[in-house]
Amino acid sequence: MVTKRNLAEKDRERLENLKESLGKSRDTFLGYPVSKDFDYSELTPFLQYPINNLGDPFEEGTWKVQTHEMEKEVVAFFAKLFRAHPKDYWGYVTNGGSESNLYGLYLAREMYPKAMVYYSESTHYSVRKNIHLLNIPSIVIRSQENGEIDYEDFENTLRMNRHKPAIVLTTFGTTMKEAKDDVSRIKGILRNLAVQDHYIHCDAALSGSYGAFMEPRVPFDFKDGADSISISGHKFVGSPIPCGVIITKRGHRDRIAKGISYIGSLDTTIWT
Ligand SMILES: Cc1ncc(COP(=O)(O)O)c(C=O)c1O
């Protein structure tokens, strides 16, 4: 049963002021790459439920106030868009592109604990922070004038470290210039230098949602060589609550899955 509580006058006034100030800021800001053209008012009634998609969306859990069915639909939608193998994909809805990047790097580090991470100087700051949190050695690669990774600098740097597994963090839509790194070209360089132990995480937080529809296409997805791909939901799609998506190969996720008895599910996500 839900107890309805009335707000005190001063609290109601405070919320009114907040609403007005948020509306003004939304209508006048410039320069942040987020969509504000959305209307989720049909979802307002759902604010009365303690919804929590605990655990792995693909597992039955003990907590029933959840929307795992829909979460799986979101994952399936993006997996198809990113040309993942229909029988070898997995993912979940995150709290944003930063968490999705953390997850991709975490899977990569679990697979190759002695790897070096390569990322360009145009990479989003969440990546540098995540690499620090995961304590993985890394090298910054030069960017070209347009913001895309400098493939020559990457090849030369990789050559010097080819005895180590490589984790490459590519960006599909850099924050400042919307530049897109070509994943198939990166894959080609890894192959040419015979770096067999490698993992490519594509940070498509900004442009991944429309990348599949671009003409001409810039290679960035699973068929092009990515092992995991990040999306930010509050940028291109637009959302009142920060959110994102991570899509990866199911086999990668299986390596890190641990059973947690009290939620009756697998602990495969970063947060609960
Ligand atoms: C390229 C890129 N990656 C990651 C992020 C972080 O995404 P989020 O704000 O959803 O955590 C951003 C945000 O601007 C971004 O532009």
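A polar contact is a pair of N or O atoms within 3.5 Å; within protein, one atom must be able to donate a hydrogen and the other to accept it, and residues adjacent in sequence count only if both atoms are side-chain atoms. The model is predicted, so local features need pLDDT of at least 70 and side-chain atom pairs count only at pLDDT 80 or more, while totals for chains, interfaces and linings use all residues. Residues are numbered from 1 along each chain as its sequence is written, and side-chain values use heavy atoms, with hydrogens and water left out.

**Ligand**
- A polar side-chain atom of Thr 175 lies 2.9 Å from an oxygen atom of the ligand.
- For Ser 98, a polar side-chain atom is 2.6 Å from a ligand oxygen atom.
- Gly 97 places a backbone N or O atom 2.7 Å from an oxygen atom of the ligand.
- Taken alone, the ligand exposes 400 Å², and the protein buries 89% of that area (Shrake-Rupley method, 1.4 Å probe).

**Helix 5**
- Helix 5 spans residues 151–160 (helices are DSSP runs of H or I with at least four residues, strands runs of E with at least two, numbered from the N terminus).
- Its buried residues are Tyr 151, Asp 153, Phe 154, Thr 157 and Leu 158 (buried is under 20% relative accessible area, exposed over 50%, partly exposed in between; 1.4 Å probe, protein chains only).
- These residues lie on the same side of helix 5 because they cover an arc of only 155° around the axis, taken from the directions from the helix axis to the C-beta atoms.
- Exposed Glu 152 and Met 160 sit on the face turned away from the buried side.
- Asp 150 caps the N-terminal end of helix 5, with a side-chain oxygen 3.1 Å from the backbone nitrogen of Glu 152.
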